[in-house]
Amino acid sequence: MQFGLSEEQEMIVSTVRSFVENEIYPHEAEVERTGEVPPGLGEEIKRKVIELGFYACNFPEEVGGAGLSHLDFTLVERELGRGSMALTHFFGRPQNILMACEGEQRERYLLPAVRGERMDALAMTEPGAGSDVRGMKCAAVRQGGDWVVNGTKHFISGADHADFFIVFIATGIDDTPKGPKKRITCFLVDRGHPGFVVRDGYRSVSHRGYKNCILEFTDCRLPDAQVLGQVDGGFDVMNTWLYATRLTVAAFSIGRARRCFDLAVDYAAQREQFGQAIAKFQGVSFQVADMVTEIDAADWLTLAAAWRLDQGLPANREIASAKLYATEMLARVTDTSLQIFGGMGLMDDFPIERFWRDARVERIWDGTSEIQRHIISREIFRPLGA
């Protein structure tokens, strides 16, 4: 692995950071105040990203994407992490799982998503099944040649803007020596499909304006044409395309931590107490030293995991380590930054309190810290038969 960015990668970083600073930062305060993305702003951001040539940059050139490597795309996500998630959502990174589309699905879902004509949302979590994917109760049964779906999904990010949904649904049960084991199938479901309703979700303290929604299925009939991948092959599709999404959370956390760090450093250099800048006090300067060390460590851990993917090397443990460390690092950095700001850190005059609140969810979604630790330890002990 080269410990430096190429000229092209430096250009990617510079371009995306400039876009975030000029097109995202100016609108953050309003989104934070109202909890809404102003009408038309999302489409304007999307249009500018398409013109920039970065929309769906995580997809290969053969389907109209920019064909970025895992490492290059991780750099994009890192810079997007500096901005409001409610707004950077429109930068447009459709789910890579759409590459599993076949035949007519490519024209209906994959290609329109890459072109920015249709937006997708991923639906897996349920009220009773979060980390325990096989515990999902949303189920589909065969009836008259179709699949009839009943059940609920929740915490579905970006569903308020989605034109279609990538939904994982239980389609049977196998008896195994370890007990009943549900079979899972992935379906593509259009907004407005009969028997399918999208409604408002919960109010979250993290990422205002980036909403979660509830999906309800009531005798919703889906033909086989809506199956993504193979029937009962949901885990194969998931493991092929989704596990690397944890890298995007890690990269986002690093970008957000660096923005928070920069604000804390500037404040410490300007804020005076006892006749001198607080940066001169060891209690503050040592905190700054610890923060930048942790940020750098998380950064290299994440880039190294992305590099392994590009080399075709096993990376499951490394990705889990990156997600675990980067998200927990972000929590520490935002908390320390708020401490440096003192009382003003809790006021909405500065974005620090927002970063502090937003950081909490990163340790939960796309696999909790506990799940990441399970993955890491399993990868270590499994070869030993333990």
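Helices (H or I, at least four residues) and strands (E, at least two) are DSSP runs, numbered from the N terminus. This is a predicted model, in which local features need pLDDT of at least 70, side-chain atom pairs count only at pLDDT 80 or more, and totals for chains, interfaces and linings use all residues. Residues are numbered from 1 along each chain as its sequence is written, and side-chain values use heavy atoms, with hydrogens and water left out.

**Three domains**

The protein chain splits into domain 1 (7-115), domain 2 (120-232) and domain 3 (236-384). These bounds come from an automatic or database domain assignment.

UniProt also lists domains here, each from an unreviewed entry. The N-terminal one, "Acyl-CoA dehydrogenase/oxidase N-terminal", is given residues 6-117 in an unreviewed entry. "Acyl-CoA oxidase/dehydrogenase middle" is placed by UniProt at residues 121-220. "Acyl-CoA dehydrogenase/oxidase C-terminal" covers residues 233-380 in the UniProt annotation. UniProt positions follow the numbering used here, feature names are shortened, and annotations may be inferred rather than shown by experiment.

| Span | Distance between end C-alpha atoms | Helix and strand |
|---|---|---|
| Residues 6-117 | 32 Å | 60% helix, 0% strand |
| Residues 121-220 | 18 Å | 0% helix, 59% strand |
| Residues 233-380 | 27 Å | 74% helix, 3% strand |

**Where domain 1 meets domain 2**

The C-alpha centres of domain 1 and domain 2 are 24 Å apart. Domain 1 gives 19 residues to the contact, and domain 2 gives 20 residues. Contact here means heavy atoms within 4.5 Å. Together the two domains bury about 1,700 Å², with 60% of it on carbon and sulfur atoms. Buried area is the accessible area (1.4 Å probe) that two parts lose on being put together, summed over both.

What holds charged groups together across a boundary? Side chains of opposite charge can pair when their charged atoms come close. A salt bridge is a side-chain nitrogen of Lys or Arg within 4 Å of a carboxyl oxygen of Asp or Glu. The rule finds three salt bridges across the interface of domain 1 and domain 2.

On the domain 1 side, α1 (7-34), α4 (85-88) and α5 (104-115) each give two or more residues. Helix α5 gives the largest share, four residues. That side holds twelve nonpolar, four polar and three charged residues. Ala, Val, Leu, Ile, Met, Phe, Trp, Tyr, Cys and Pro count as nonpolar, Asp, Glu, Lys and Arg as charged, and the others, Gly among them, as polar.

**Salt bridges in the model**

By this rule the count comes to 34 salt bridges. In one, Glu216 pairs with Arg199, and the closest N and O atoms are 2.6 Å apart. Glu216 lies in strand β7 (residues 212-222) and Arg199 in strand β6 (residues 196-200), so the pair ties together parts that are 17 residues apart in sequence. Asp190 and Arg108 also meet in a salt bridge through their side chains (2.7 Å, N to O).
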